[in-house]
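Please look through the sequence and the model below before reading on. The paragraphs that follow lead you from one part of the structure to the next.

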Amino acid sequence: MKVTIASPREEKRREKGKEAANNLLEQWKSKAREGEKKKKLIWLELTGCAGNIISLLNGIDPGLEELLQKQIDLCYNNSLMTAEGDQAMKQLFTTADDEFILAVEGAVTTKDEQYNSIGRYQGRLISAMEAIQYLGQRAKSVIAVGTCATYGGISAAHPNPSGSISVIKALQNIRSDVISLPGCPSHPDWFLGTLAYLILYGTSPTLDSENRPILFYGLTIHDNCTRRSFFEKRIFARQLGEQTCMIALGCRGPITRTDCPTREWNSYLNWPIGANTPCIGCAHRTFPDGTSPFVQYERSATSTEASKENNKRRK
Amino acid sequence: MALRKIINPVTRLSGFLEIEVYIEGHTIVEAKSSSLLFRGFEIMLQGRNPLDAIYFTQRICGICSTAHSVASSLALEEALKVTITEQGRALRDLVHGCEFLQNHLRHLYLYTMPDFIKLPEAQCLFQKGEQNHQDLRLPKKENDLLVDHYLESFSISRKAHEMLAIFGGKAPHDHGIFVGGLTVHPTIDKVIKFRSLLDQIKRFTIEKMIPDVYTLARYYDDYFHIGRGYGNLLSFGLFERSSKEIEARRKEEIQKSYRYVEAAFLPYKGKEKRINKNKITESLRYGWYQDGKPERPIEGTTIPDTEKEKAYSWSKAPRYEGYPCEVGPLARLIISGHYPYQISMMDRTIARALEVLQVIMVMEQLLEEIALQEAPQDIYTIPEKTKGIGLTDTTRGALGHWLIIDNQKLFHYQVITPSAWNLSPRDEKGQRGPLEEALVGTKIEKIDQPVEIGRIVRSFDPCISCATHVHTIKGIQKITILD
């Protein structure tokens with residue numbers, strides 16, 4: 001067996017190499033630390049189903065667990081935080097003294113201020129309206145996540161028993177720059193992309209007239225639908241489960257602006273029309289009253305809403 | 001003089017919940033769970049197209065939406081007199097199974113674990129605050145391992161929702177579950193992806209999740225003795241058998257038979273009984289609703305009354321034969337004979353992990369049975385007048401949807417969720433709800449850090465998403481529960 005013993009000179013050279021590598025590593029580490037100052041995020045759940053935080057858990061590359069370790073300090077979220085009761089509320093209000101980004105899901109009830117309280121602080125119930133106005137005033141940026149927060153959504157469905165209004169409306173006298181991410185729920189990428197833009201550029205991405213990022217909401221589902229060719233050839237599904245155009249079943253793709261057809265859901269696997277069902281317009285401002293009935297058999301191919309929207313776009 | 005303690009918000013559950021207890025010495029002598037379940041869905045559904053109920057009721061809850069699509073489809077099938085094919089039912093059960101996996105994984109790691117392990121406090125989300133408890137008993141090595149698994153559970157639970165999306169379109173709030181079963185055809189590419197994801201979850205369950213709950217059980221074995229409650233158990237049955245199987249088991253069962261758990265009521269120390277839908281009632285006495293006699297859900301009313309004296313919850317109080325019942329994984333495992341008849345905070349937590357494996361086994365069987373490329377759908381016509389009831393067990397326990405159709409529109413809709421059973425307020429006989437009963441008698445070690453309460457509450461996996469909490473100032477002053 002051949003044993004090689006390094007000469008003292010060689011030994012020295014190796015030591016030097018190791019030192020250089022360590023120096024370089026240290027330099028990189030300190031550079032990485034510079035950009036490490038995490039942004040604080042408060043995620044407030046109001047009157048809704050908490051489906052948007054569950055949807056956010058479904059985001060990948062980066063997943064929420066990665067964001068928590070590297071980019072953000074999530075300082076308040078009812079569903080995930082360790083603290084409870086008074087301590088949780090204290091954490092909320094302490095965070096609000098510093099710079100933070102506010103994400104809100106759910107609508108705000110107005111029929112009675114106490115219809116929805118988010119918790120009890122120093123013995124007193126804090127209503128959703130109080131919380132949203134207090135935090136909305138102080139936040140660096142506000143993101144309304146999901147259709148309830150953006151438009152009232154299902155929480156405000158007729159006859160709106162709780163008198164729910166959107167977060168945008170609840171904050172209308174305070175600020176007009178609330179970023180809207182409608183969808184029931186909102187796609188994790190829509191939130192993660194918007195958050196990344198805020199963190200990197202300190203401002204919101206380009207928004208449309210309803211304050212939605214054009215990047216995600218620029219085109220209708222119909223514009224990019226994978227089944228568009230069936231529509232053009234007027235081949236319409238008559239029942240769910242068929243693999244052609246869903247318009248005759250009441251598809252709301254023509255009026256609903258999201259990138260569902262190209263992005264798809266849950267690690268980019270599928271989407272409602274891919275499941276052989278019509279789009280129910282869950283990201284539309286009139287959802288659910290204006291986009292229902294969700295499924296209708298023997299429907300004529302030109303629904304009133306669809307033709308209206310088409311006419312508008314032709315002009 | 002009893003000491004009053006309030007926890008609000010009880011975090012790490014879906015929705016808003018306030019727990020109020022009275023402590024004498026070191027023992028809880030009275031407990032009140034204010035369930036915040038009212039968003040008025042039952043009012044909103046009136047007058048809508050009946051088929052809309054499937055996508056509409058899913059929005060009751062973001063973590064268990066599929067449960068509502070299953071229950072509403074069942075109710076509509078009864079109302080529309082649609083006989084589901086075995087293929088349709090098997091496909092729907094498969095998708096429903098995915099939701100069990102997602103829910104149990106997320107509840108156990110993201111909601112329950114932070115009560116027992118020390119997560120890295122550098123992250124704001126994991127800070128406990130100065131007053132919070134230090135009753136964290138795991139040695140560093142075990143703790144580190146469970147923290148790793150906590151972080152890994154993010155990607156594993158995500159896979160369960162990926163499976164759901166393959167056949168459901170998206171999650172939460174799927175599109176695939178419908179009258180007749182499912183709308184997505186199980187082609188080979190979908191089936192193998194589904195199976196691969198299922199295998200990954202199974203491996204995590206066997207190698208990590210189940211050992212992890214037993215690690216908790218070892219260091220917190222006193223929790224086998226607290227949080228018991230009444231011990232009355234209820235299930236509406238889960239995963240119906242195929243007719244072939246029923247044929248083979250004809251001697252045992254005549255009508256419906258289930259692969260996992262039979263629909264049954266098991267009163268504490270009593271004899272197991274078959275479910276009779278007419279024995280389900282709801283008491284309105286302590287809910288913020290206009291009062292009346294205990295009513296059957298098919299004729300139940302939902303008229304809010306926020307001024308009502310002594311009311312303290314948006315939950316009505318469901319009862320079976322007048323009994324408050326516990327529902328959920330532990331109830332199912334005991335009824336189906338897979339777990340000894342012992343009930344506690346820790347047993348509930350262990351049952352949740354064991355059930356994941358139970359559900360995976362059923363799903364593997366279903367995958368064997370389904371035929372490729374076939375998802376039966378039809379054009380469903382709505383009768384002028386009809387009614388339907390959909391009862392099924394879902395992740396958190398027994399779920400029921402009751403509907404009446406008149407003039408081809410929804411005329412009446414009532415939902416009783418599993419959390420309404422577990423977290424119900426008292427009824428007209430003064431019987432507490434199961435969670436309230438489980439809290440009473442609990443010894444609190446440190447009065448200023450009552451960690452026992454949150455641990456017991458979360459063992460029921462409460463889901464109170466559809467919350468509109470009414471708490472008028474007047475209401476609070478009027479509540480006297482120690483009368």
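In chain B, three strands form an open sheet in the order β12-β13-β14, with antiparallel pairing; strands (E, at least two residues) and helices (H or I, at least four) are DSSP runs numbered from the N terminus, and two strands pair if DSSP finds at least two bridges between them. This is a predicted model, in which local features need a pLDDT of at least 70 and side-chain atom pairs count only at pLDDT 80 or more, while totals for chains, interfaces and linings use all residues. Residues are numbered from 1 along each chain as its sequence is written, chains are lettered from A and ligands numbered from 1 in the order in which they are written, and side-chain values use heavy atoms, with hydrogens and water left out.

The edges of the sheet are β12 (385-394) and β14 (409-416) of chain B, each of which pairs on one side only. Neighbouring strands are turned by 15 degrees against each other on average, direction ignored. β12(B) pairs with β13 (residues 397-406) of chain B in the antiparallel sense over ten bridges, and B:Thr392 has B:Leu399 in β13(B) as its bridge partner. Across β12, β13 and β14 of chain B lies helix α3 (residues 65-80) of chain B, running at about 145 degrees to β12(B); axes are lines fitted to C-alpha atoms, for helices over the stretch in contact, and angles run from 0 to 180 degrees between N-to-C directions.

B:Cys61 lies in the loop between α2 (53-58) and α3 of chain B.

Chain A averages a pLDDT (the predictor's confidence in each residue, from 0 to 100) of 91. Over residues 300-311 of chain A, however, the pLDDT is below 50. Where pLDDT is low, the predicted coordinates should not be read in detail.

Key
Contact means heavy atoms within 4.5 Å.
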